[in-house]
Amino acid sequence: MAQQLSSDDLTILARETARTPLHNATLEIFQPGPDGFGYDEVLAHIEDRIAFVPRYRQRVRSSPGRLTNPVWLDDTDFDLTYHVRRSALPRPGSMDQLRDLVARVVSRRLDRTRPLWETYVVEGLEGGRVALFSKSHQVLVDGVRTVDIGQVLLDVDPGPRQLVREDWTPRPAPTGPGLLVDGVRELVLDPARAVDTVRSTVGSVRRGAQVLGERAGVAVGVHRRRPGGDLPFTLDPSEQRRVALVRTSLRDYRRVRRVHGGTVNDVILATVAGAVRAWLMTRAEAVGAGRRLRALVPMSVIDEESEPTSLGSSVIGHLIDLPIGEASPVVRLHQVSYALRAHSETGRAVAADRIAGVAGFAPTTFHALGTRVALEDDHDVHLVLTNVPGPQFPMFAARAEMTQSYPVPPLLPGFGLSIGVTSYDGSVSYGLVADREALPDVEVLAQCVRESLDELVDTASDDRSRAPRGRA
């Protein structure tokens, strides 16, 4: 019997529009190995590893009349070359050119008539480097049955591996009446699915009416998340994106942590708070002393009551008010550390080194789970920020070393900015995705991230001049 989509998946599909394509993406930069690292090598490598994620060869199919939940079926016309695409920059391609390419590609929805993923092999980067830009739909990666394909492509050593060719044959697709019979059988066994099916159908109809209303110029009421105190990015996005990338050194975060206490995660969140504060000031916006930015920060926990994942932990949403109105970087850091202390003291928090030790390159999957949590959360927030620690040693794909990795999170309904953070091999990399029309200055925000971290590092410097204590 074909596997039906879960109620969460149905909700995600119902919420997706052309303005809010719900796919997670990752940009990775590789230095080719001795065998080269071009389109043919990547295609062969993915063909070898795709057996570990069989859902990447399946597509979503609805039952007749949508009377039962959609199901996952093998794509009988599966063509790997459709999903693995070749692209190039004019040599020598710069990171700015790559960023612009990523912004264009991430703006486009995935084709629902095919398996919901794409990988772009981008050649022509300066220094002979090659980039992989991968998109996977949110319903494809649940952390239980399917992890992100990026997690299974990387190895811990560059040694040559013999490709294991798999003779995969898609299972024949059932007929429409067959799908309906199987779906009804599932509803009898699990009546709760009937409610999910009705909700999904109603949601799709409502979404279609909304789109028609927008095309006709009719004002349609859309839920906008407003926790109080609007920010320039609390809005419903357009169909186009801007992407900014920031790469920093993990050593700086550890230095700040060593001097001021807390965790690396605290320092990252304090850095974001300082960056948003500085960015708002460049826009001549008032930043009062008590102003806060409410962020949803998905975190890994040990939860025996929730559905277990293949990653050894669950992901929940944690609300935190980032003190963007505080002028002192040290006070901002202490306020963030205090706000997160309750989470660490529950005994359910998962240490960063444990997450980083998950097999493969797990950040790609954890970012997807974080987005899923944000979609399910109904709290009013300004920003969704996913931060995932990765392995602190080099990883390889087809003997090519991955030198950089950036998350490219989606914009959810009601948000004009999202931030993803990944630490890998001594670096901490930020991926900032913004609405192209509302935030033309997202690169300024990226620069503010660098300056905010520098400000924190300066407070932890041994040779920093400090104000004298007491009277002269």
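1. Buried denotes a relative accessible area under 20%, exposed over 50%, and partly exposed in between, with a 1.4 Å probe and protein chains only. On that scale Phe361 is buried at 0%, and Tyr424 is buried at 1%.

2. The model is predicted: local features need pLDDT of at least 70 and side-chain atom pairs pLDDT 80 or more, while totals for chains, interfaces and linings use all residues. Residues are numbered from 1 along each chain as its sequence is written, and side-chain values use heavy atoms, without hydrogens and water.

3. The whole structure contains 5 aromatic pairs (rings of Phe, Tyr and the six-membered ring of Trp, centres within 6.5 Å; planes under 30 degrees apart are stacked, over 60 edge-to-face, the rest tilted). One of them joins Phe30 and Phe37, whose ring centres are 4.9 Å apart with planes at 35 degrees, so this pair is tilted. Phe30 is buried at 0% and Phe37 is buried at 5%.

4. The rings of Phe361 and Tyr424 have centres 5.7 Å apart and planes at 90 degrees, and are therefore edge-to-face. Because Phe361 belongs to the loop between α11 (352–356) and α12 (363–376) and Tyr424 to strand β14 (residues 417–424), the pair ties together parts 63 residues apart in sequence. Helices (H or I, at least four residues) and strands (E, at least two) are DSSP runs numbered from the N terminus.

5. Tyr82 has the charged end of Arg85 over its ring, 4.5 Å from the centre. Arg114 also lies over the face of Tyr82, at 3.9 Å from the ring centre. The criterion is NZ of Lys or CZ of Arg within 6 Å of the ring centre and within 35 degrees of the ring normal.
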